[in-house]
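Colleague: Can you take me through this one? I have a few questions about the fold and some individual residues.

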Amino acid sequence: MVLALLAAAITMFAINKPRMDAVALIMLVALPLTGIINVNESLAGFSDPNIVLIAALFVIGDGLVRTGVARTLGDWLAEKGGSSEIRMITMLMLAVGSLGAFMSSTAITAIFIPVVLRIAQGTGASPSRLMMPLSSAALVSGMMTLIATAPNLVVSSELERNGFDGFQFFSFAPFGIPILLVATGYMLFACRWLGAGTKTSSGPVGPNLSQWIEEYQLAGREHRVQIAAGSPLVGKNLEQVRQEDGSGAKIIAIERSRVLIQPTNKTELAAGDVLLIDLRVDEATVKGLHDQYALEPLPLTGGYFTSRSQDIGMAEVLLPASSTLIGKSLIETNFSDEFDLRVIGLRRGTTAIQSGLENEDLQIGDTLLVIGPWRAIQMLQTHSDDLVLYKVPIEIEEVLPAPGKGIQAVICLVLVVVMMVSGVVPNVLAALIGCLLMGALGIVDLTSAYRSIDWKTLVLIVGMLPFSIALQRTGGVDLLADGLMFVIGGMGWHLVLACIFTLTAVLGMFISNTATAVLMAPVAVALAKEFDASPYPFVMIVALAASAAFMTPVSSPVNTLVVTPGNYSFGDFVKIGVPLTILVMIVSVILVPILLPF
């Protein structure tokens, strides 16, 4: 019965109907109904510390994304890689392999896909030449550390369940590092088999800030000045300043103690404040205003405040017929305080009105270009009666939820790694401490933390774990181990490991690498008992083979993610993945007996 259920699960995994986590839930329900295990044993996976550990690692990985640590690495990669494909592939795979050692391989792939697309767009290269190296490096990164991928935690947990010590944090690194180097060398040669593919367009895929700066003639209107101690502006609020000053200057934002604040009519100015101002006047008038108000001009980087695009955004909004703003000027509507945004452009039909915006009566269908915090732009959806959010720039996708906290995120990650390596606390507690620290520092919040966890992966593991108990209790594990013993009994150690690797890799072609590890780990331990040998080389070869899921697009979410952006077919994975899997098997079979003696 257990083998029949296992065969049914594998079949459903292979045809991907229903989805994998649903299959796991079906098995979770079906196994207790056979009477082989009870309900408590079936649900025991939910109390497994490794399940909590995996969930916590998703949150820590999300912290690196929210703070821009991963993106900074990607941008550095794009800058250093240049136009050389060899250098780009090498740096990409080494960077993904290194960063992926400390976070989910699926997460690292998702992070780097837009980075690779941006690189391809900038160089005019084909994404298909870069996406396969990305997915391969992400899978190999799972061979670096204990926490890099779920199969490593699964096999380590299986050792502990059988009374052995689990793997240490860096137990996998002596195998993963050489494999990463071999995989990088292989991909430099193999990527040419993927052909030129479809090259990306060098143009943007939607409106961006640069287009609007040109369209609304914003260039040259940006000014950054600091208020001197003796300035007549000190102590006055913006409403008073606007009444006294007739220059038409709009204060977009204020930098105060290195923090960007969004001004309102009641915001009082202080000495040392840095003002970001929109003002359309000639240079002589600008200099006169500097002298009049004791303002010191400061340098700007980027066009029209684009250097502050993490904090300040733009959007185009339309005035519908129901808007209460129609027939009123911007001054009469008190627009800036009502919506926390400033209007810096007005288009009526195809004509952009360049001056006198504050006194222009608004009409139905007018398009306003507004600037302000991204939060306020997103809140425009709650004012749909007055304003309809028409277009947002592609830069909104680059906005970080927790900017300026990259150093704190890295410190949290390092602290977690140190605690895991030193063993001062159990791994699961180290990861949870890291999550709590990230929460306390404002890097993640509860909503983002729950959203970052890949619940499908957790349910898949929990649902498949009871098979291990059921197969052991009914003799299924011993049956498979005896069958393998019959085949490999007279072979040398290298051939034994090669057979285990091959069986695991072939099984991983049809089901997820996590489910493969769940099924093969107890078989590896049983084989070790049959040989009266150490279980460590057997389970290590299972872990390495489970991560070597290069051969099909369905064997790992990592592969599935790159299918569309890389424009790959099933055959592309077979063509590139089979030789790479064989290379990884050769390296693994050579290294495992040396580093983990029988």
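Colleague: What share of the contacts with a separation of 6 or more is between residues 24 or more positions apart?

Modeller: Residues 24 or more positions apart make up 79% of the contacts in that group. Keep in mind that this is a predicted model.

Colleague: How many helices and strands are there?

Modeller: The secondary structure comes to 26 helices and ten strands. The C-alpha trace spans about 95 × 50 × 45 Å along its principal axes.

Colleague: And what percentage of the residues counts as buried?

Modeller: The protein has 598 residues, and 52% of them count as buried.

Colleague: Which residues line the largest cavity?

Modeller: The lining consists of Asp48, Asn50, Ile51, Ile54, Ala150, Leu153, Val154, Ser157, Ile461 and Leu465. Two or more lining residues come from each of helix 4 (49-66), helix 9 (150-161) and helix 20 (455-474).

Colleague: Which helix gives the most?

Modeller: Helix 9 does, with four residues.

Colleague: What's the lining like by class?

Modeller: Seven residues of the lining are nonpolar, two are polar and one is charged.

Colleague: Changing topic to Ser141. Where does Ser141 lie, and is Ser141 buried or exposed?

Modeller: Ser141 lies in helix 8, which covers residues 128-141. Ser141 counts as buried because its relative accessibility is 0%.

Colleague: What does Ser141 touch?

Modeller: Not counting residues up to four places away in sequence, Ser141 touches Val96, Gly97, Gly100, Ala101, Ser105 and Ala148.

Colleague: Now Asn208. Where does Asn208 lie?

Modeller: Asn208 lies in the loop between helix 10 (173-190) and helix 11 (209-215). With a relative accessibility of 11%, Asn208 counts as buried.

Colleague: Which backbone nitrogen lies 2.8 Å from a polar atom of the side chain of Asn208?

Modeller: That is the backbone nitrogen of Gln211. Leaving out residues up to four places away in sequence, Asn208 also touches Pro393, Ile394 and Glu395.

Colleague: Is Ala402, in another loop, buried or exposed?

Modeller: Ala402 is buried, since its relative accessible area is 4% and the cut-off for buried is under 20%. The loop in question runs between strand 10 (388-391) and helix 17 (406-422).

Colleague: What is Ala402 in contact with, leaving aside neighbours within four places in sequence?

Modeller: Ala402 is in contact with Arg66, Thr67, Gly442 and Ile443.

Colleague: Last topic, helix 25. Which of its residues are buried?

Modeller: Helix 25 covers residues 557-566, and its buried residues are Val558, Asn559, Val562 and Gly566. Seen down the helix axis, these buried residues fall within an arc of 85°, so they line one face of helix 25.

Colleague: Why would residues three or four places apart point the same way?

Modeller: Because an α-helix has 3.6 residues a turn.

Terms used
Residues numbered from 1 in each chain as written. Predicted model: local features only at pLDDT ≥ 70, side-chain atom pairs only at ≥ 80, totals over all residues. Heavy atoms only, no water. 1 Å grid on protein atoms, 1.4 Å probe; cavity = no way out; pocket = protein on both sides within 12 Å on 5 of 7 lines; lining within 4 Å. Nonpolar A, V, L, I, M, F, W, Y, C, P; charged D, E, K, R; others polar. Buried < 20%, exposed > 50% of the residue type's maximum accessible area, 1.4 Å probe, protein only. Contact = heavy atoms within 4.5 Å. Arc of directions from axis to C-beta. Polar contact = N/O pair within 3.5 Å; in protein donor to acceptor, adjacent residues only side chain to side chain.
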